Amino acid sequence: MAMAAPTGSAALCGHLALLLLLLLAAPAALGYSFPQQHTMQYWARRLEQEIDGVMRIFGGVQQLRGIYNENRNLFEVKENVPRKLVEKVAGDIESLLAKKVRALKRLANAAEKFQKAHHWQDNIREEDIEYYDSKADTEYDDPDGEEIEREKSNSLKLEFTDDANFKTKVNYSYAAVQIPTDIYKGSTVILNELNWTQALEDVFIENRKEDPSLLWQVFGSATGVTRYYPATPWRAPNKIDLYDVRRRPWYIQGASSPKDMVIIVDVSGSVSGLTLKLMKTSVYEMLDTLSDDDYVNVASFNEKAKPVSCFKHLVQANIRNKKVFKEDVQGMVAKGTTDYKAGFEYAFDQLQNSNITRANCNKMIMMFTDGGEDRVQDVFEKYNWPNKTVRVFTFSVGQHNYDVTPLQWMACANKGYYFEIPSIGAIRINTQEYLDVLGRPMVLAGNRAKQVQWTNVYQDALGLGLVVTGTLPVFNLTEDSSDRKNQLILGVMGIDVALNDIKKLTPRYNLGANGYVFAIDLNGYVLLHPNLQPQIINFREPVTLDFLDAELEDENKEEIRRSMIDGNDGQRFIKTLIKSLDEQYIDEVFRTYTWAPIKSTNYSLGLVLPPYSTYYIQANLSDQILQVKYFEYLLPNSFESEGHVFIAPREYCKDLDLSDNNTEFLENFIALMEKVTPDSKQCDNFLLHNLILDTGITQQLVERVWKDQDLNTYSLLAVFAATDGGITRVFPNKAADDWEEEPEPFNASFYRRSLDNKGYIFKPPYRDARYRGLDLENNTIGILVSTAVELSIGGKTLKPAVVGVKLDLEAWAEKFKVLASNRTDRDQLGARRCDPSSSCEMDCEANNKDLICVLIDDGGFLVLSNQEDHWYQVGKFFSEVDANLMSALYNNSFYARKESYDFQSVCAPEAQSNTGAAPRGVFVPTVADLLNLAWWTSAAAWSLFQQFLYGLTYSSWFQTEDVTADSMEARETSCIMKQTQYYFSTVNATYNAIIDCGNCSRLFHAQRLANTNLLFVVADKPLCSQCESVKLLQAEVRAPPRDPNQCELVDRPRYRKGPHICFDYNATEDTSDCGRGASFAPSLGVLLSLQLLLLYSSASRHPLPPAACL
């Protein structure tokens, strides 16, 4: 416990009490007392003066201001007008997407026309169809790493060429076809689908002629066939490929209106073993058919119904909520008797709850059961008839002999559908076909339902990276013999837009290092944001990062987000907290947020500007002789005399080859500049002119300041300057060998923090808790000190550069001890001595065995210490060095703490139990079964094929991994990381306190150093270990399960809006087609081959590894 006594106007008795404590707790060293407040304030002033003096001499802030003013004729000061910028960028994005919409509508109309004109062929053969099978050249490995023999194919043989736009090899003369592995491509349905969709190729090609910037054009069919253009080989995992277009986020969003879904699962005693596993997996797969526009709850029932999770009502079907459901579904246990009434009444009550946020469109109940006799007609009469606003879908799960007529009746009587799931292989197809039923009102609505929707951000399956997709449903326009309209959806047409193409329309470098553009959708998820950086590819789920998770949440940002979702425009100047780029620090800053809707889309655009980025420099180097002169200072032969130059790796010209190696990038840049001029049309003149201007300006700083000074005199390893124009100049040249900062100033933490903070910003090298130090004699450690250069030109304030020095740790640690000591300028032989007859105060030099003196930065990281054994710990969070003292500083409000979550992190996979591993659950037939021909055509045989196929895919039937990395051996998973940052709170600049711990009590004094981000702390060394306190944690850690607590968060959901239109009812809908079982009759040869492979795999010593989830 820390007892504190603040300085200031405290009562006299308070001062006396503290003084008494200080005297009583003084160390045992005879004749010495703990330094008094005025002494430490004196030391603090000496430290401040030394830092300021060095920065004034070597930083060159004043001199650089003069250089800018002297070169005033070489640049203009331009203004960023937020509202105009937002209006222009929103208009440009609208125009870009409008071009894609025109191509999308052309494709959808053509598809409906082609399908209507198509004549169904019952006797169509595979050899009658000419198409490129994108998986024909895909190589798969078997579980033992050997290549599996490819299936014979009649696919076209195409040549491919590398294409920069698609980042892969393509063929613009053809489209490609992808058919899911679990669909027989020789079936009549699939062959007819391939036949009529072939005509789309001409439309694809015509679209590209009109808009060469078009990326993937895709038709996803309701049968599972995908036809995409241009053709490219399929990018499949090295195991079985389970990609199915109907489970992609863009297809689901385009195929139906939003849904309110309640899933009820029969867990009575008859449901056990394999049937219960099938149900759990079915629920898992059903959840994957839902998007963020949908709402869902899951309950189990026997005699009573209860939710499987902590969610007591419908919740948004986002990734985090679905993960909770998937985890809790695994805990379902079968017992008791079946009471359908309990399950259905619970479900209807959930759907009738109007006091919560929900989709308010399609309402449905999905019941999974092994069978029963009760039709619960009274429940339907009470809740759903005669309007039948809730559709009921029933699923008969497992292989049994129950009468399924009641289940069929329930579905047919409530505008739903009945499905059978006899085995694991039937799950995926039968948990997604309900979308066909939901699509009926859309089809019958005709053109009113032809609404282009833009998706959330997601990872493209063919390697484009992050994309959004414009979708448009495609309807079956045929009519039957009674002139009744067909009510089936044919599929969804999609056109991709890469996020990078949208980013190119946004300003970047004129906004400064801390200005940026962002965009959000109706869910509040970011489409554009500098913090949208998913670390792992997950094809199954969209990339959903909420604006309030991309930034540190506060009330102002909540209101801005709401206004943007509502489609309003606005502007607000706010004070807010931001994380540093390295996520170690928190800064309190001022920002102007400006926003406006992007018309004809569901998106809204925002612009964030700090006050110092209202104006920016635009170079105007019309003098070519001066261009050449300044350019010469970029040449490596000038580095020895003028300092090493790093240039930001920006796209200065179209033909410039980028490189992560800055030396190589500089060579590429110089080679290109010998061929083109800065005014060339293929180059960005703004970037080039600013780069060359800053090259010349920083060189003048070298000539006027740095060359005339001896760095060693002040124990400096280097001096440096970095600029908005992209130049980082480090002097002397040899110091560049140890320069570890980003060559792009806008990506350098020291640069961005210096702009946002006044004074001198110290940045020690970051060390995590495991760091054990290096040999200081052979490895010089440097501490960066930087400050922004503020210009005022014609009343316009801007910060175009940051300058600084790099301190030699060891030398400055010695200097720190001297400055925080009783030694005077005249006393050069050492600190004065105290004899037993006199008393004097301890200091940081003479008494370093009894007194700890440290400088800690605003993030709580150690910068300097008088303890030599602390030197290797410089850069560590101070709690790792002295947990007791850091806790006292926090408890006495020197530091505040901010906790947040990173939802885009990557973690090593957690150890999984072997329970329920799929290969164990595969039934192996007896010899008698193998000899029985009837067995091979039974449902059991087909079930085994499906179990084998999906067993290769899942580590267990209901424990699929969320994501996979490129390597299947070392799979990483997406996870939530908890971050904690510390920052200075607003307290008095100086503070005395005692850490009360009985005989182990310690005194300490803490004082902020003016014009820096440092805290000067002097404390007794701990006398014993009995005063240990809980160590404060700063390092990022994996969030524990259910942290953040989703169960609490769903009760205060964030504001959102669903799509503006809903198609859930049409009076002319024909509901007579309402149920069938799962049927699939492959050839005997196929089954025999697969079963033999199954037997071989089951007998193998090597377990089957799980495959990728796509």
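Hi everyone. Since the model is predicted, local features need pLDDT of at least 70 and side-chain atom pairs count only at pLDDT 80 or more, while totals for chains, interfaces and linings use all residues. Residues are numbered from 1 along each chain as its sequence is written, and side-chain values use heavy atoms, with hydrogens and water left out.

Let's start with the crossing. Helices here are DSSP runs of H or I, at least four residues, and strands are E runs of at least two, numbered from the N terminus. The axes of α3 (residues 61-70) and α22 (residues 685-704) come within 10 Å and cross at roughly 135°; axes are lines fitted to C-alpha atoms, over the stretch in contact, and angles run from 0 to 180 degrees between N-to-C directions. That makes α3 oblique to α22 (under 35 degrees is roughly parallel, over 145 roughly antiparallel, 65 to 115 roughly perpendicular, the rest oblique). On the α3 side, Q63, L64, I67, Y68 and E70 meet D694, I697, Q700, L701 and R704 of α22, where contact means heavy atoms within 4.5 Å.

Next, helix α8, residues 274-287. Twelve of its 14 residues are buried, so α8 is largely enclosed by the rest of the structure; buried means under 20% relative accessible area, exposed over 50%, partly exposed in between, with a 1.4 Å probe and protein chains only. Among the buried ones are K280 and E285.

Finally, where is V881 found? Look in the loop between β35 (862-865) and α25 (883-891). V881 is buried too, at 18% relative accessible area. Leaving out residues up to four places away in sequence, V881 touches L862, H870, Q873 and K876.

Technical notes:
The expected span of a helix is 1.5 Å times one less than its number of residues.
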